[in-house]
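Hello,

Here is the structure we talked about handing over. Please open it first, then read the notes below with it on screen.

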Amino acid sequence: MAVREIIEGIYEVGAIHWDRTVFDELVHIPDGTSYNSYLIKDEKTVLIDTVDPEKKDVLFENLEILGIDRIDYIISNHAEQDHSGSIPFVLEKYPEAKVITNPKCKDFLIDLLHIPEDKFIEVSDGEEFKIGKKTLKFIYTPWVHWPETMTTYLIEDKILFSGDFFGSHRAASHLFVKDEYKVIEDAKRYYAEIMMPFRTQIQNNLKKLENLEIRYIAPTHGPVYNNPEIIINAYKEWVSPKCSNKVLIPYVSMHGSTKVMVDYVVDRLTEAGIEVIPINLTKMDIGVLTMNLIDATTIVFASPYVLAGYHPAIVYAVYLVNALRPKTRFIGIMGSYGWGGKGPDQLKSMLYALNVEYLKTVMIKGLPREDDFRLLDELVEEIKKRH
Ligand code: FEO
């Protein structure tokens with residue numbers, strides 16, 4: 001436990017989870033994470049978001065360090081349990097506290113945590129709320145990454161408490177961003193894994209925040225930004241419609257034939273000056289795929305058939321790509337088979353959420369022969385023409 005001060009009277013009192021490696025039983029977080037909770041001392045004492053219930057003792061110890069014997073308001077910017085899960089415990093210890101949030105978030109908190117309805121104060125989009133000398137302003141920023149998400153802006157000190165928005169899964173003892181490159185990489189992974197499908201809504205949210213003067217962005221995961229421009233600009237780039245001259249090749253190969261095809265295509269695209277990223281799905285972190293989905297123009301899925309269909313590793317990747325709805329414009333399918341199986345239509349039908357043009361499919365029998373390489377050349381030519 002450790003209390004970290006942003007500026008006088010405003011503290012980070014949450015918990016660092018150094019050894020957490022998976023989030024939502026889905027997302028790999030190689031750098032751990034933190035559940036940031038912020039305390040503002042004014043005439044009223046305000047807690048902004050809480051922590052994962054697994055770490056609630058750390059929150060309470062931090063509040064004890066600061067000698068907090070009364071909390072007037074708990075602001076809930078986001079109902080997901082890694083930030084809201086300790087609210088019932090805080091309410092138990094500080095029974096006078098009221099939960100301030102928007103109506104949608106209130107409904108979630110009632111459903112997910114059974115918080116009694118009379119504990120809430122509802123606030124509307126743009127509403128201001130005095131807590132003494134300071135004023136909070138609530139700005140709805142939906143779909144980062146749930147429908148109820150909002151941010152809280154501390155007007156006098158120009159601090160944006162942004163919830164998951166702009167966050168990064170990084171456990172770090174320093175409060176403020178120390179290594180900008182690393183934090184942006186972590187934030188990029190975070191954006192890719194949970195925010196990417198909502199980039200249109202995020203564009204709108206960024207516009208809503210445009211007129212705020214922001215000195216600090218204090219998210220619920222990872223370090224606080226004392227140079228907010230770096231993360232705002234990164235988000236602007238990620239949500240923009242622009243793609244890079246980049247091809248991703250998520251692949252699986254059981255006995256090497258598909259790998260021969262992948263290597264061949266990688267070499268030809270490299271010769272053509274096109275960035276290409278082969279991703280061995282059974283060996284590499286799936287985060288490498290998701291991060292590169294942010295701006296890849298083309299994806300070529302490569303897999304053999306097994307058990308009368310595509311390999312489960314490629315099916316998982318295809319399912320994930322469809323769920324994340326990247327900006328990708330072209331998709332190819334290639335691979336090797338021994339005696340047939342369900343064809344590429346199986347994969348295409350799983351990509352229903354994407355608006356893409358399909359490139360030449362190259363499924364060949366066994367180890368590729370000269371004619372097969374010619375088919376791969378044709379696929380490469382199609383990619384070159386479109387990049
Ligand atoms: Fe960090 Fe969506 O919770």
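This is a predicted model: local features need pLDDT of at least 70, side-chain atom pairs count only at pLDDT 80 or more; totals for chains, interfaces and linings use all residues.

Helix 9 covers residues 286-293. Is it mostly covered or mostly open? It is mostly covered, with seven of its eight residues buried. Those residues are Ile286, Gly287, Leu289, Thr290, Met291, Asn292 and Leu293.

Now look at the N-terminal end of helix 9. Asp285 caps it. A side-chain oxygen of Asp285 lies 2.7 Å from the backbone nitrogen of Gly287. Asp285 also forms a salt bridge, and the partner is Arg189. Their closest N and O atoms are 2.8 Å apart.

**The two domains**

Step back to the whole chain. It is divided into domain 1 (4-239) and domain 2 (244-386). How far apart are the centres of the two domains? The separation is 38 Å, taken over C-alpha atoms. The contact draws on 15 residues of domain 1 and 13 residues of domain 2.

The size of an interface is often given as the accessible area lost when the parts come together. Here, about 1,300 Å² is buried between domain 1 and domain 2. Carbon and sulfur atoms give 61% of that area.

Polar links cross the interface too. One salt bridge is found between domain 1 and domain 2. The count of residue pairs in polar contact between the two domains is four.

Which helices supply at least two residues each to the side of domain 1 that touches domain 2? They are helix 5 (180-195) and helix 7 (229-239). Helix 5 gives the largest share of that side, with six residues. By type, the residues on this side of domain 1 divide into eight nonpolar, one polar and six charged.

**The chain as a whole**

The chain holds twelve helices and 23 strands. Its C-alpha atoms fill a box of roughly 80 × 40 × 35 Å, taken along the principal axes. Of the 387 residues, 59% are buried. Take the contacts between residues at least 6 apart in sequence: 72% of them join residues at least 24 apart.

Lys55 sits in the loop between strand 8 (45-48) and helix 1 (56-65). His17 is 38 residues from Lys55 in sequence, yet their C-alpha atoms are 8.1 Å apart in space. Set aside the neighbours within four places in sequence. Lys55 is then in contact with Ala15, Ile16, His17 and Tyr35.

**Around strand 4**

Next, find Val22. It belongs to strand 4 (residues 22-23). Is Val22 buried, partly exposed or exposed? Its relative accessible area is 27%. Buried means under 20% and exposed means over 50%, so Val22 counts as partly exposed.

Beyond its neighbours within four places in sequence, Val22 is in contact with Val27, His28 and Ile29. Val22 and Gly32 are ten residues apart along the chain, and their C-alpha atoms are separated by 8.4 Å.

Glu25 lies in the loop between strand 4 and strand 5. Glu25 has a positive phi of about 55°, although it is not a glycine. Its relative accessibility is 74%. That is over the 50% cut-off, so Glu25 counts as exposed.

Where is Leu307? Look in the loop between strand 20 (305-306) and strand 21 (309-310). Leu307 counts as exposed because its relative accessibility is 77%, and exposed means over 50%.

Last, check the peptide bond from Val144 to His145. It is cis, with omega near 10°. His145 is in the loop between strand 13 (135-140) and strand 14 (150-154).

Best wishes

Methods:
Residues are numbered from 1 along each chain as its sequence is written. Side-chain values use heavy atoms; hydrogens and water are left out. Domain bounds come from an automatic or database domain assignment. Contact means heavy atoms within 4.5 Å. Buried area is the accessible area (1.4 Å probe) that two parts lose on being put together, summed over both. A salt bridge is a side-chain nitrogen of Lys or Arg within 4 Å of a carboxyl oxygen of Asp or Glu. A polar contact is a pair of N or O atoms within 3.5 Å; within protein, one must be able to donate a hydrogen and the other to accept it, and residues adjacent in sequence count only if both atoms are side-chain atoms. Helices (H or I, at least four residues) and strands (E, at least two) are DSSP runs, numbered from the N terminus. Ala, Val, Leu, Ile, Met, Phe, Trp, Tyr, Cys and Pro count as nonpolar, Asp, Glu, Lys and Arg as charged, and the others, Gly among them, as polar. Buried means under 20% relative accessible area, exposed over 50%, partly exposed in between (1.4 Å probe, protein chains only).
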